[in-house]
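Subject: Structure for you to look through

Dear colleague,

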Amino acid sequence: MRRVILKGETVTLEKIEKNFAETAVVRDVSIAVQAGEFLSLLGPSGSGKTTLLMMIAGFEAPNRGRISVGTRDITFEAPNKRDVGMVFQRYALFPHMTVAQNIAFPLRMRRCSRAQARDRVDAMLAMVRLEGFADRLPQQLSGGQQQRVAVARALVAEPPVLLMDEPLSALDKKLRETMQLEIKRIQKRLGVTVVYVTHDQEEALTMSDRVAVMADGELMQVGAPIDLYHRPANAFVAGFIGKMNFLEGEYIGHDGGEAVIRLSQTATVKCPTSSATAVVGQRLTVAIRPEDLSVRPSGDVRPGGFKGRVEAALFVGAAYVVLVAIDGRAGEVVEARLPANGGSLPLVPGDIVDVFAEPSAVRLFSHQQRQAA
Amino acid sequence: MSPDLEFALATREMANEDKSLVSRNSRSLWKCLGAVTAGFLILLILLFLVLPIVIIFPMSFGSASYLEFPPRGLTLRWYGQYLSDPDWRAATLFSLKIALATTLSATIIGTLAAIAFVRGSFPGKGLFQAITLSPMIIPHIVIAVAVFLAFAPLNLSGSFLGFLIAHTMLAVPYVVLTVVAALQRFDTTLELAALNCGAGRIRTFFSVVLPNIRVGVASGAVFAFLASFDEATVAFFLSGIEGKTITRKMFEDIDFNLTPVIAAVSVVLTVTSLLVMGALHVFSRNPVPAQR
Amino acid sequence: MKKAKTHKLPVRAAISFTKSKSWRHYPIGLSLILIIPLCLLLGFGFVYPVGRLLGQSFFAPDFGLDNYRRLLETPLYLRVLGRTVIVALIVMAASLALGYPVALAMARLRRDLAGVVMACVLLPLWTSALVRSYAWIVILQRRGLVNDALLGLGVISEPLKLIYTEGAVILAMTHVLVPFMILPIFGAIRAIPTELVQAARNLGGGQFTVFARILLPLSLPGIFAGCLMTFILALGFYVTPALVGGPSSLLMATLIGQQTTETLDWGFAGALSTVLLCVTLVIVVCFRKALSNNRGISNVA
Ligand SMILES: Nc1ncnc2c1ncn2[C@@H]1O[C@H](COP(=O)(O)OP(=O)(O)O)[C@@H](O)[C@H]1O
Ligand SMILES: [Mg+2]
């Protein structure tokens, strides 16, 4: 049995645009995927992820823009000539063929010899751990097994690029996590470039080298998971990835090296000036992650902090989640996430507390951006 | 004549699902009486449907030279006469030849058209579909007379080619309907998957699409065969002295000399139809085709 | 943009023609190639002959509306037209009366029994109309089964004239067309959710109430489709009236046949065909919606 070894290639999308009957579904998207990289397309349903993937696979042609794999321009190449593997959302296994025949299909299309094809199919079956299932029909397999067959079929012809469209969305949570590891393992081993579509941010963050966030046909940000989390380019990304408190405020000036934002008569937050290029009086949106807020029983309000009243304090296992109503802002609540540290929380609903955010963890977005998101 | 197809779909559904409607035990005498009466009525209607066809069978084996029921003795004489009569043999062979060729051409033409109707886009598609199906609705007498009028001057009447064209035209709607239904059930991502695996359009069709719509195509083929083999109206007008179908020959013999041979021929026709439909049934039950 | 290579055959070129924006649908070129055979077939085998026949009505023997005038001015022909419509209506009504109970039984019975009923419906459907008409001749003729039986029982002393009458035509045609009534109604009743019927029973509805309030109204589309189908087929049916009917029961179809085989009057045959065709098409167009409830046709049209 020979080992399956693959080498990934770059995938370059340049200014891709796609309209379906006048409606722009993908707008001016440019992404450069590195060779061997695992890149996720992440976005809410309807944001154009599938359409983008279909254009890479060749099932749709872009109205404008260029797609290349390595140095090869494949923008208008027929899908069967692209050498780009694809795993479909509902597996799309051929129901009239056995597992082995499904996996061998791409080889047959490439006029591979019988014996060679058999070796390759066996190698793929071993790789996806389905050795005993060669002669089963797809409908005799579980969802997870069908998924593995689909992966094997997509990779058997050793394409430099693998596309996956929400491949795990039909599986239950437990199986999904197993399959995530499995897919990562295979990708690491083969070195194939993967473009992976998902609407599940957790999945995108755990699996990807980089994540491309899409909304409404537009590319919002491309970056490593940690960058997206800590340095979101706009309010949409900030809100879509992880939990985020958004608060409306007014820029009222500097205090030392920090900008001061007024949330209410009594409440202000501070943030680094570098992220505030505003004029005094401008309305801005403040974004703070729950784990970047600290909550203490009331004392003196430190500059940059504000008072509030505990609405609820919940134990969620690894942490406490505390909901605090901001003093002077009717009905508005921020969520704070405090490490549990084994001790019990000295806070009960009704307590007056001080809420403080480290200036470096506070981000500002312009008002319009927030609206758009 | 879509009920054929309606039925094909209905039986398939019936095979798939397993809900049985058990009529509740009726308690009161009235209900009981009502049920018995209703059952009796339905039995009568079913006898009306079936008996006229069933009585032909014993009749074709009856020994008397005129038709009698019940027959006094049994004989295969009429089958013998049917088989030994060169006219009947020629007519049967001619009909078979036409029906087989019609099956082939209607299945191919109808399948191609069904693909274009479901997956393609071209101007005037709706109108074209209507015209394609219209031979099922337009009175066959009009078609028969029209075809005869148009084909006679071209020496096509009574010819194999003339029948092939006319019968294919009559049979194509059945194929189009069954294949369209099958294609609509077919998951098109399988086609995308095949393209992605490196298969071209044509390879994709033969390796992936066709195996998955095969039951629809086979149903269409069987309906096409019967639409030709059992067809009597066009055959009546288009037949010539030489080229005569089994139905035309039967038509003539019923009008002129009503012998038990016709009963034998009727049995042959009926059994052929039932065999062909039975074969289709067996074929559609087989879930997976033999591969490689 | 990559162009289709010129050295390829036209078919291959059209297939690999990648200018189409989506591979989910076939490009126009390929679609057209796929329907060319059907185009040729229908053009030569259907549109041209039918068009030519209709044309004959205006051109043979002379240009004008003479053929239609003759049709309208001859009481015999008007009677045939009227009789055709009436016979078709009677056949339709008889089919409904016989077909509805069977369809209902088929949909509501236990599966094995329903299968038996279904087989009884399909046996005639899969049997040639010619064979079925022949069977009716055997039954109704002068020395046929009915007369034999009645004579044997001493009910009558002379054989009755049963065959070659309008009654015989109606009887045989009903037998041929009942399955076309049963199947759409069966489809409609089967589509009624079982829960609906059960709910009605639980709410205290009796057999009759459930039938009148639920089954009958919800099976109306099937009834409509079945009636339309049987009526249209009865209007233009040739084989059965030609074999079982006589001169006194001439219908449009048999009259057209007579004009072409006996009197060879193509112009008049054309006019009759035009009238029959128009009546059929008008009915179909008016009740298209009912027909599209009939699943078989709705799949395409
Ligand atoms: N073939 C099509 N025709 C018209 N609109 C389409 C088509 N495919 C997708 N769309 C539209 O494009 C938008 C993006 O769809 P899609 O790429 O499937 O989003 P996602 O995969 O991110 O959920 C949606 O609004 C969808 O309605
Ligand atoms: Mg999608």
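This is a predicted model: local features need pLDDT of at least 70, side-chain atom pairs count only at pLDDT 80 or more; totals for chains, interfaces and linings use all residues.

As background, side chains of opposite charge can pair when their charged atoms come close. A:R27 belongs to strand β2 (residues 23-33) of chain A, while A:D216 sits in the loop between β9 (210-215) and β10 (218-223) of that chain, so the pair ties together parts that are 189 residues apart in sequence. When the whole structure is searched, 28 salt bridges are found over all chains.

Next comes the ligand. Which residues surround ligand 1? The shell consists of A:F20, A:V25, A:P44, A:S45, A:G46, A:S47, A:G48, A:K49, A:T50 and A:T51, and by class these are three nonpolar, six polar and one charged residues. Helix α1 (residues 49-57) of chain A gives the largest share of this shell, namely three residues. Looking at individual atoms, you will find an oxygen atom of ligand 1 at 2.6 Å from a polar backbone atom of A:G46, and an oxygen atom of the ligand also lies 3.0 Å from a polar backbone atom of A:G48. With A:K49 the side chain takes part, as one of its polar atoms is 2.9 Å from an oxygen atom of ligand 1. On its own, ligand 1 has 560 Å² of accessible area, and the protein covers 57% of it.

The last topic is the interface of chain C and chain B. Here 100 residues of chain C are in contact with 102 residues of chain B, and the two chains bury about 9600 Å² between them, with 77% of that area on carbon and sulfur atoms. How many salt bridges are counted between chain C and chain B? The count is zero, although seven residue pairs across this interface are in polar contact, both residues of each pair being at pLDDT 80 or more. On the side of chain C that touches chain B, the largest share, 21 residues, comes from helix α2 (residues 28-59) of chain C. Sorted by class, that side of chain C has 70 nonpolar, 21 polar and nine charged residues.

With best wishes

Terms used:
Residues are numbered from 1 along each chain as its sequence is written. Chains are lettered from A and ligands numbered from 1 in the order in which they are written. Side-chain values use heavy atoms; hydrogens and water are left out. A residue is near a molecule or strand if one of its heavy atoms lies within 4 Å of it. A polar contact is a pair of N or O atoms within 3.5 Å; within protein, one must be able to donate a hydrogen and the other to accept it, and residues adjacent in sequence count only if both atoms are side-chain atoms. Accessible areas come from the Shrake-Rupley method with a 1.4 Å probe; for residues, only the protein chains shown count as cover. Helices (H or I, at least four residues) and strands (E, at least two) are DSSP runs, numbered from the N terminus. Ala, Val, Leu, Ile, Met, Phe, Trp, Tyr, Cys and Pro count as nonpolar, Asp, Glu, Lys and Arg as charged, and the others, Gly among them, as polar. Contact means heavy atoms within 4.5 Å. Buried area is the accessible area (1.4 Å probe) that two parts lose on being put together, summed over both. A salt bridge is a side-chain nitrogen of Lys or Arg within 4 Å of a carboxyl oxygen of Asp or Glu.
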